[in-house]
Amino acid sequence: MAGWTDPRREPTPEAGEDLRRLALRQAGYFTTGQALRLGCTAEDIGGRLAEGSWLRIERDLFRLASFPRTDLEEYAKWCAWFEGAAVVSHQSAAELHGLGHLHPSFVHLSTTGSAPAPTRRLALHRRELRPEDTEQTGTFGITTPLCTALDLATGGIAQDLFDEVVSDGVAIGRIDPERLRAECDGRPEQVAERIEHALGSCQ
């Protein structure tokens with residue numbers, strides 16, 4: 001019958017609103033899994049894509065077409081793909097914090113998830129982080145400047161580049177030298193030496 005719509009093809013109002021709220025917290029992005037868990041069906045997803053209100057961005061990743069673009073799309077997109085189990089870290093976190101000039105070739109994420117990277121554009125660091133190691137910036141999480149400096153001290157970037165990261169962090173008041181030294185306890189001696197060298201370059 002012309003004009004008839006099967007009500008089973010439409011998500012419930014509650015499901016649609018829950019998904020919209022979730023997407024707004026993730027820069028407009030959401031995954032297939034999130035949509036299904038919030039009451040949408042495969043038919044709902046196909047219908048939204050067909051009408052243009054949802055956009056397919058990557059495999060199993062969608063975006064509300066009406067959500068405005070931002071300069072941080074790439075970070076928000078991949079954090080959303082991991083459904084809250086990833087934060088921006090290492091070189092990418094330094095770049096976002098304005099520490100040094102590392103110009104990373106990949107988006108570095110720390111994640112507790114075991115899913116493989118969906119693209120070669122990502123550098124994944126599998127690990128658990130303490131609550132005090134991360135902070136929220138807009139629609140995604142990021143390691144703090146202190147945690148970022150420790151990661152880079154361990155990760156093996158050139159010393160002169162690391163010195164610049166630490167100097168910038170100290171200069172803008174985002175890295176406390178004594179807290180950075182204290183965090184060296186229990187870490188390899190080489191990490192402590194690199195940090196001392198970097199702190200010495202601040203003077």
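The expected span of a helix is 1.5 Å times one less than its number of residues. Helices here are DSSP runs of H or I with at least four residues, strands are E runs of at least two, and both are numbered from the N terminus.

Before the details, the ground rules. This is a predicted model, so local features need pLDDT of at least 70 and side-chain atom pairs count only at pLDDT 80 or more, while totals for chains, interfaces and linings use all residues. Residues are numbered from 1 along each chain as its sequence is written, and side-chain values use heavy atoms, with hydrogens and water left out.

Let's start with H7. It has 13 residues, which should span 18 Å at 1.5 Å a residue. The end C-alpha atoms of H7 are 18 Å apart, which agrees.

Which residues of H7 are buried? Phe162, Asp163, Val165, Val166 and Gly169. Buried means under 20% relative accessible area, exposed means over 50%, and partly exposed is in between, with a 1.4 Å probe and protein chains only. Look down the axis of H7: the buried residues fall within an arc of 160 degrees, so they line one face of the helix. The arc is taken over the directions from the helix axis to the C-beta atoms. On the other side of H7, Asp160 and Ala171 are exposed. The cover over the buried residues of H7 includes H6, H8 and H9. Just after H7 comes Gly173, with a positive phi of about 75 degrees.

One more residue in H7: Asp168. At 24% relative accessibility, Asp168 counts as partly exposed. Leaving aside neighbours within four places in sequence, Asp168 is in contact with Gly98, Leu99 and Gly100. Contact means heavy atoms within 4.5 Å. Asp168 and Arg179 are 11 residues apart in sequence, and their C-alpha atoms are 16 Å apart in space.

Next, H9. This helix covers residues 189–200, 12 residues in total. From first C-alpha to last, H9 reaches 16 Å, close to the 16 Å expected. Its buried residues are Val191, Arg194, Ile195, Ala198 and Leu199. Down the axis of H9, they fall within an arc of 135 degrees, so they line one face of the helix. Glu189 and Gln190 are exposed, on the face of H9 turned away from the buried side. What do the buried residues of H9 pack against? Helix H6 (145–155), helix H7 (159–171) and helix H8 (177–182).

Now the packing pairs, with H6 in each. Axes are lines fitted to C-alpha atoms, for helices over the stretch in contact, and angles run from 0 to 180 degrees between N-to-C directions. Angles under 35 degrees count as roughly parallel, over 145 as roughly antiparallel, 65 to 115 as roughly perpendicular, and the rest as oblique.

Pair one: H6 and H7. They pack at about 170 degrees, with axes 10 Å apart. H6 and H7 are therefore roughly antiparallel to each other. Ala149, Leu152 and Ala153 of H6 make the contact with Phe162, Val165 and Val166 of H7.

Pair two: H6 and H9. Their axes come within 9 Å and cross at roughly 120 degrees. That makes H6 oblique to H9. The crossing of H6 and H9 is right-handed. A crossing is left-handed if the near helix is turned anticlockwise from the far one by less than a right angle, and right-handed if clockwise. On the H6 side, Leu150, Leu152, Ala153 and Thr154 meet Val191, Arg194 and Ile195 in H9.

H5 runs over residues 90–97, and the two helices pack at about 140 degrees with axes 9 Å apart. H5 and H6 are therefore oblique to each other. This crossing of H5 and H6 is left-handed. The contact takes His90, Gln91, Ala93, Ala94 and His97 from H5, and Pro145, Thr148, Asp151 and Leu152 from H6.

Zoom in on Thr148, in H6. Buried or exposed? Thr148 is buried, at 0% relative accessible area. Not counting residues up to four places away in sequence, Thr148 touches His90, Ala93, Ala94, His97 and Thr143.

Most residues other than glycine have a negative phi. Asp60 is not a glycine, yet its phi is positive, about 65 degrees. Asp60 sits in the loop between strand S2 (54–58) and strand S3 (61–64). It is partly exposed, at 37%. His103 also has a positive phi, near 45 degrees. His103 lies in the loop between H5 and strand S5 (107–111). At 56% relative accessibility, His103 counts as exposed.
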